[in-house]
Amino acid sequence: IKNLEGYVGFANLPNQVYRKSVKRGFEFTLMVVGESGLGKSTLINSLFLTDLYSKDYPGPSLRIKKTVQVEQSKVLVKEGGVQLTLTIVDTPGFGDAVDNSNCWQPVINYIDSKCEDFLNAESRVNRRLMPDNRVHCCLYFIAPSGHGLKPLDIEFMKRLHDKVNVIPLIAKADTLTPEECQLFKKQIMKEIQEHKIQIYEFPDIEDDEDSKLIRKIKERMPLAVVGSNVVIEVNGKKVRGRQYPWGVAEVENGEHCDFTVLRNMLIRTHMQDLKDVTNNVHYENYRSRKLAAVTCNGGVDTSKTKNQMTRSPLAQMEEERREHVMKMKKMETEMEQVFEMKVKEKKQKLKDSEAELERRHEQMKKNLEAQYKELEEKKRHHEEEKSNWEAQQRILEQQKLDASKTMEKNKKKGKIF
Amino acid sequence: MKYLHQLKGEGARAVPLAGHVGFDSMPDQLVNKSVNHGFCFNILCVGETGLGKSTLMDTLFNTKFEGEPTQHNQPGVQLKSNTYELQESNVRLKLTVVNTVGFGDQINKEDSYKSIVEFIDTQFEAYLQEELKIKRTLHSYHDTRIHACLYFIAPTGHSLKSLDLVTMKKLDSKVNIIPIIAKSDAISKSELTKFKIKITSELVSNGVQIYQFPTDDETVAEINSTMNGHLPFAVVGSTEEVKIGNKMVKARQYPWGTVQVENENHCDFVKLREMLIRVNMEDLREQTHTRHYELYRRCKLEEMGFKDTDPDCKPFSLQETYEAKRNEFMGDLQKKEEEMRQMFVQRVKEKEAELKEAEKELHEKFDRLKKLHQDEKKKLEDKKKSLDDELNGFKQKKTAAELLQSQAQQAGGSTTLKRDKERKN
């Protein structure tokens with residue numbers, strides 16, 4: 001890395017980023033899950049110092065629900081020139097029924113549908129600026145029983161920890177003494193580890209000072225919170241708190257509860273990280289699962305599927321196309337070979353049969369010629385014999401003639417007595 | 001189990017805050033994350049050999065980048081890129097400088113712009129491929145897309161060369177073009193004003209869209225709009241230092257005076273540095289991503305046959321499109337396979353017919369020969385028969401004659417005998 005001498009100016013990049021982000025504004029979606037009466041709405045109001053739910057916009061807790069609903073409220077808040085579009089997602093009815101099997105399903109469906117919307121928007125050919133409505137954080141409220149996690153708590157967190165950043169909170173912590181709270185926290189963390197639930201982990205910062213702080217905070221997990229819509233005067237100061245006959249439980253007092261820790265973590269230091277983890281981890285998991293289902297078509301061959309995952313679907317199709325072309329070529333050459341071989345065979349057969357016929361014909365011809373020769377020979381022989389015999393006959397005839405002539409002569413001469 | 005979207009009001013309603021919540025730290029959180037992650041910036045320098053591209057980069061970034069000065073005998077235009085890791089205070093920057101080697105050196109420059117366009121497209125393609133992967137790592141991806149293209153104009157003082165216009169026209173929809181007049185210490189001030197006006201009017205009349213410094217953010221709107229009026233920047237680069245007064249400044253020393261690089265009266269170098277690096281670097285990156293890359297992506301996807309469904313009704317469904325594309329594609333392949341098979345079946349049929357024909361001919365030939373042979377045989381038989389008849393006839397004749405002779409001989413024989421006896425006596 002080259003450290004520059006003299007002024008270049010890109011050290012100003014962070015300011016440029018700052019400027020642009022302020023202009024764009026920010027958005028954040030926070031989901032709260034827990035049984036009724038755990039103070040979810042109150043906590044939201046305390047966190048954001050506003051009456052999200054008021055007379056005009058009543059909170060879900062004031063309405064009786066028969067089934068689990070997922071409701072969202074969108075508000076715009078401004079502070080220090082920074083604009084934030086805050087979406088609070090509430091889940092009234094969660095865990096309130098007698099049979100709570102699958103009460104997490106509407107929650108999962110909601111989270112998935114937001115991811116789906118984002119995926120579709122991201123996959124369009126014509127893309128526009130996409131609003132990010134994905135759930136960035138899920139605060140899960142644990143009832144302050146003091147004992148341990150309920151089966152529903154475990155079930156919910158197990159099903160959602162790989163879909164959203166889950167931050168478990170001990171609700172209405174002012175019903176626990178510090179010692180009870182400590183034990184409760186230890187027990188919860190133990191059970192979380194036992195069930196391999198991955199809750200949101202505040203990442204370590206490189207800065208030494210801050211990292212010590214982070215570690216201290218990690219030891220306080222899960223955070224025990226108290227919320228209040230009421231402002232009370234304590235020792236001349238106006239604070240949010242809950243007034244009891246025996247005193248005031250102050251929301252923002254670090255010795256009373258972990259509210260400030262939560263607020264600082266959630267809003268002041270780790271809001272961006274919650275969004276980043278949602279985008280880089282949870283959303284990417286959703287996306288790759290969704291796309292794998294489409295393009296791999298439940299591939300059985302795992303090595304092939306693995307390859308497919310590292311390629312874009314377009315490249316995947318290209319690859320398949322190439323493979324197919326090669327397969328076709330191979331098939332073509334094979335077919336060609338078989339074809340050629342068969343043709344050769346047939347031609348050979350034809351040739352052989354031709355040769356055979358030729359041979360036979362030759363033989364017959366030869367045979368015939370031999371017979372001819374024989375015949376000629378016989379004929380010649382006969383001719384010879386015949387001419388010989390005829391010659392002989394002629395001689396004999398001549399002799400006979402001569403003999404008869406001589407006899408005649410002798411007769412005439414009187415030689416005959 | 002249903003879920004409802006109950007938007008309170010038409011969108012988000014504004015609510016007042018009763019105190020300091022603390023989300024005004026969001027920009028800082030974002031900035032911290034960016035700083036930790038590091039930044040990256042890619043500059044493409046397009047210009048003829050010898051216009052001082054490398055020197056200007058060295059001067060801008062206060063560092064000596066590698067490389068030998070190039071010769072003029074390059075056969076085509078090549079792009080050479082080098083990546084450097086720089087740091088200024090706590091900000092790390094991964095800077096990639098891409099140089100066009102051999103630009104403008106050929107006799108026929110018709111294809112000069114092609115390798116540049118190809119290079120830019122390749123970087124877009126790489127990003128697109130990464131973005132489309134099933135398992136992707138976009139946040140750690142090293143972005144190689146070109147964020148700014150410095151187009152070096154030769155300081156002729158007259159007008160743009162046709163090569164410049166052609167090239168810039170091809171590049172203006174793909175990259176942020178910042179035209180600069182190179183080696184501007186060769187032009188006098190009055191000539192420079194005229195030159196700038198001429199260049200700007202030529203760009204406008206040819207519809208070349210150069211990068212405009214953004215004026216939508218009030219914080220920088222004023223300075224950006226002023227600077228937009230100074231385009232194209234006339235720059236001078238130098239890494240050599242000359243002592244002026246009691247300071248060492250970057251300058252070029254001539255017998256008639258010293259051109260100071262960072263003196264705004266001498267050249268626009270400082271303006272370029274301000275605009276390119278200090279004020280608008282992030283905007284250049286953003287424009288590249290949201291405008292130029294999106295255009296490339298849209299064209300590429302449309303080329304491959306993807307399209308959005310009607311925006312009025314159902315939203316575009318990724319799976320459906322992929323599914324449809326895939327089925328179409330598979331069907332296509334299967335059809336091709338089937339066609340090839342059919343072709344072979346056809347060939348086999350044809351060949352079989354051919355061979356059958358040949359076989360038939362062969363048999364016909366031999367049948368003919370056989371017939372001929374039969375005829376010959378018959379002839380032979382006839383001849384044989386006639387010979388046999390003759391032989392028989394002859395035999396009969398012979399036998400008859402011999403019989404006669406033997407009879408005659410018997411009679412004649414006794415006469416002869418008598419005669420012979422008499423002779424003896």
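Mentor: Buried means under 20% relative accessible area. This is a predicted model, and of the 417 residues of its chain A, 46% count as buried.

Trainee: Why is Phe213(B) called buried?

Mentor: Its relative accessible area is 2%. The cut-off is under 20%, so Phe213(B) counts as buried. Phe233(B) is buried too, with a value of 0%.

Trainee: What makes the pair of Phe213(B) and Phe233(B) stacked?

Mentor: Take the distance, then the angle. Rings pair if their centres lie within 6.5 Å, and these centres are 6.1 Å apart. Planes under 30 degrees apart count as stacked. Here the planes are at 15 degrees, so the pair is stacked.

Trainee: Which parts of the chain does that pair link?

Mentor: Distant ones. Phe213(B) is in the loop between helix H5 (189-205) and H6 of chain B, and Phe233(B) is in strand S7 of chain B. The two are 20 residues apart.

Trainee: How do you know that Tyr254(B) and Trp256(B) are stacked?

Mentor: By the angle again. It is 10 degrees between the planes, with 5.0 Å centre to centre. Stacked needs under 30 degrees.

Trainee: Are Tyr254(B) and Trp256(B) buried or exposed?

Mentor: Tyr254(B) has a relative accessible area of 22%, which makes it partly exposed. Trp256(B) stands at 70%. Exposed means over 50%, so Trp256(B) is exposed.

Trainee: What makes Arg145(B) sit over the ring of Tyr127(B)?

Mentor: Its charged end is 3.6 Å from the ring centre. The distance limit is within 6 Å. Tyr127(B) also belongs to a cluster linked by ring pairs, with Phe124(B), Tyr141(B), Tyr293(B) and Tyr296(B).

Trainee: Which residue lies over the face of Phe339(A)?

Mentor: Arg347(B), at 4.7 Å from the ring centre.

Trainee: Now helix H6 (residues 218-228) of chain B. Which of its residues are buried?

Mentor: Val220(B), Ala221(B), Asn224(B), Met227(B) and Asn228(B).

Trainee: Why are they said to be on the same side of H6(B)?

Mentor: Because they cover an arc of only 145 degrees around the axis. On the other side, Glu218(B) and Glu222(B) are exposed. The cover over the buried residues includes helix H1 (13-24) of chain A, plus strand S7 (233-234) and helix H7 (269-279) of chain B.

Trainee: What makes S7 (223-224) of chain A and S1 (13-14) of chain B edge strands?

Mentor: Start with the sheet. It is open, has seven strands with mixed pairing, and runs S7(A)-S6(A)-S5(A)-S2(A)-S4(A)-S3(A)-S1(B). Each of those two strands pairs on one side only.

Key. Residues numbered from 1 in each chain as written. Chains lettered and ligands numbered in written order. Predicted model: local features only at pLDDT ≥ 70, side-chain atom pairs only at ≥ 80, totals over all residues. Heavy atoms only, no water. Buried < 20%, exposed > 50% of the residue type's maximum accessible area, 1.4 Å probe, protein only. Helix = DSSP H or I, 4+ residues; strand = E, 2+ residues; numbered from the N terminus. Arc of directions from axis to C-beta. Contact = heavy atoms within 4.5 Å. Pairing = 2+ DSSP bridges. Phe/Tyr/Trp six-rings, centres within 6.5 Å; stacked < 30°, edge-to-face > 60°. Lys NZ or Arg CZ within 6 Å of the ring centre and 35° of its normal.
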